[in-house]
Amino acid sequence: MTFKKFQSSPTWKLLIVFLAEFFGTAVLLFGGCMAGLDGFDNITTNVSRGLTFGMVVMMVFITFSATSGAIINPVVSLAAYIYGTLSFPLTLLYTVAQFGGALCGYGLLRAVTPWKYYQRALEYGEGHCVTAPHESLSTGEALAVEILLTGVLVWTNCGIWDPRNQKNSDSVPIKFAFLIAGLSIAGGPITGASMNPARSLAPAVWNCSYDGLWIYFAGPTIGAILTATIYRYMFWQESDDKPRSTACHCHASILDTSNSKSLP
């Protein structure tokens with residue numbers, strides 16, 4: 001098989017989708033957590049961290065949305081499966097890529113940053129870029145915050161995936177940048193505003209800091225399931241207009257997705 005033929009094969013298309021989600025999530029952790037590093041004569045703030053995470057998401061979306069949809073979040077992948085934009089096998093592929101990319105992206109940041117800054121973050125808190133509930137919160141309150149924040153994020157995704165919203169698809173990267181920034185700034189002091197198990201797992205693993213980590217798996221997962229299900233079965237309607245493509249449709253030719261809509 002020639003390389004040109006291989007490029008048109010399902011295996012190649014799956015690989016490219018995997019790599020897009022892998023590198024996209026790696027960039028999210030590398031760039032987002034770099035902006036939250038207190039060091040090099042710089043002290044970050046909740047606002048600066050939130051804005052930077054939003055800008056990183058915008059960059060990833062611009063780069064990889066045409067390839068994989070730039071989901072870069074396992075619970076958004078789950079929401080896409082519930083909503084009907086991803087098949088189950090492709091959802092698993094996305095999830096593995098996202099967790100792997102997050103671990104490697106944060107690991108790369110660790111490799112190029114002096115250890116003393118990470119040590120200092122562990123001495124004065126849970127660790128650099130580690131999400132942990134504020135000490136004033138109960139477990140239930142922290143869980144509820146992550147459910148609600150993730151619910152807003154997923155509902156916004158569902159709105160963008162809705163074929164009726166195709167006319168409002170301009171400037172989606174900028175809109176998502178402000179969405180992520182706003183949610184991060186609002187929820188940052190409370191729970192760290194993770195909304196993404198991969199984003200929370202990677203810093204926890206590299207810093208061996210697991211306090212309350214289960215909240216950042218349970219909360220976003222519950223929020224994604226609830227809001228995606230509500231939107232899918234209450235708000236979504238068929239559209240007579242053919243949706244304009246702004247992301248990858250390659251999964252339709254790779255896996256059996258005859259009952260699935262396409263990603264935006």
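**Exercise 1. Aromatic pairs**

Find how many aromatic pairs there are in this structure when ring centres must lie within 6.5 Å, then classify the pair of phenylalanine 40 and tyrosine 117.

*Solution.* Counting ring pairs under that cut-off in this predicted model gives twelve aromatic pairs. Next, take phenylalanine 40 and tyrosine 117: their ring centres are 4.8 Å apart. Their planes meet at 50°, so the pair is tilted. Finally, locate the two partners. Phenylalanine 40 sits in the loop between α2 (10-34) and α3, while tyrosine 117 belongs to helix α6 (residues 115-124).

**Exercise 2. Helices α3 and α8**

Work out how helix α3 and helix α8 are oriented to each other, and which classes of residue make their contact.

*Solution.* Start with the geometry. Two packed helices are described by the angle between their axes and the distance between the axes. Helix α3 covers residues 46-68 and helix α8 residues 172-191; they pack at about 150°, with axes 7 Å apart. An angle over 145 degrees counts as roughly antiparallel, and α3 and α8 are therefore roughly antiparallel to each other. Their crossing is right-handed. Now look at who touches whom: α3 contributes residues including Gly50, Phe53, Gly54 and Phe61, and α8 contributes residues including Ala177, Ala181, Ser184 and Gly188. Sorted by class, this contact has 16 nonpolar, five polar and no charged residues.

**Exercise 3. Helix α9 and its two partners**

Describe how α9 is oriented to α10 and to α5.

*Solution.* Take α10 to begin with. Helix α9 (residues 197-207) and helix α10 (residues 215-235) cross at roughly 175°, and their axes come within 9 Å. That angle makes α9 roughly antiparallel to α10. On the α9 side, Pro197, Ser200 and Leu201 meet Tyr216, Phe217 and Pro220 of α10. The contact holds five nonpolar, one polar and no charged residues.

Now turn to α5, residues 88-111. Its axis comes within 8 Å of that of α9, and the two cross at roughly 45°. That makes α5 oblique to α9, and the crossing is right-handed. Among the α5 residues in the contact are Phe99, Tyr106 and Arg110, and among those of α9 are Pro197, Leu201 and Trp206. By class, the contact of α5 with α9 divides into eleven nonpolar, three polar and one charged.

**Exercise 4. Annotated spans**

Conventions:
Residues numbered from 1 in each chain as written. Predicted model: local features only at pLDDT ≥ 70, side-chain atom pairs only at ≥ 80, totals over all residues. Heavy atoms only, no water. Axes fitted to C-alpha atoms, helices over the stretch in contact; angles between N-to-C directions. Helix = DSSP H or I, 4+ residues; strand = E, 2+ residues; numbered from the N terminus. Parallel < 35°, antiparallel > 145°, perpendicular 65-115°, else oblique. Left-handed = near helix turned anticlockwise from the far one by under 90°. Contact = heavy atoms within 4.5 Å. Nonpolar A, V, L, I, M, F, W, Y, C, P; charged D, E, K, R; others polar. Phe/Tyr/Trp six-rings, centres within 6.5 Å; stacked < 30°, edge-to-face > 60°.
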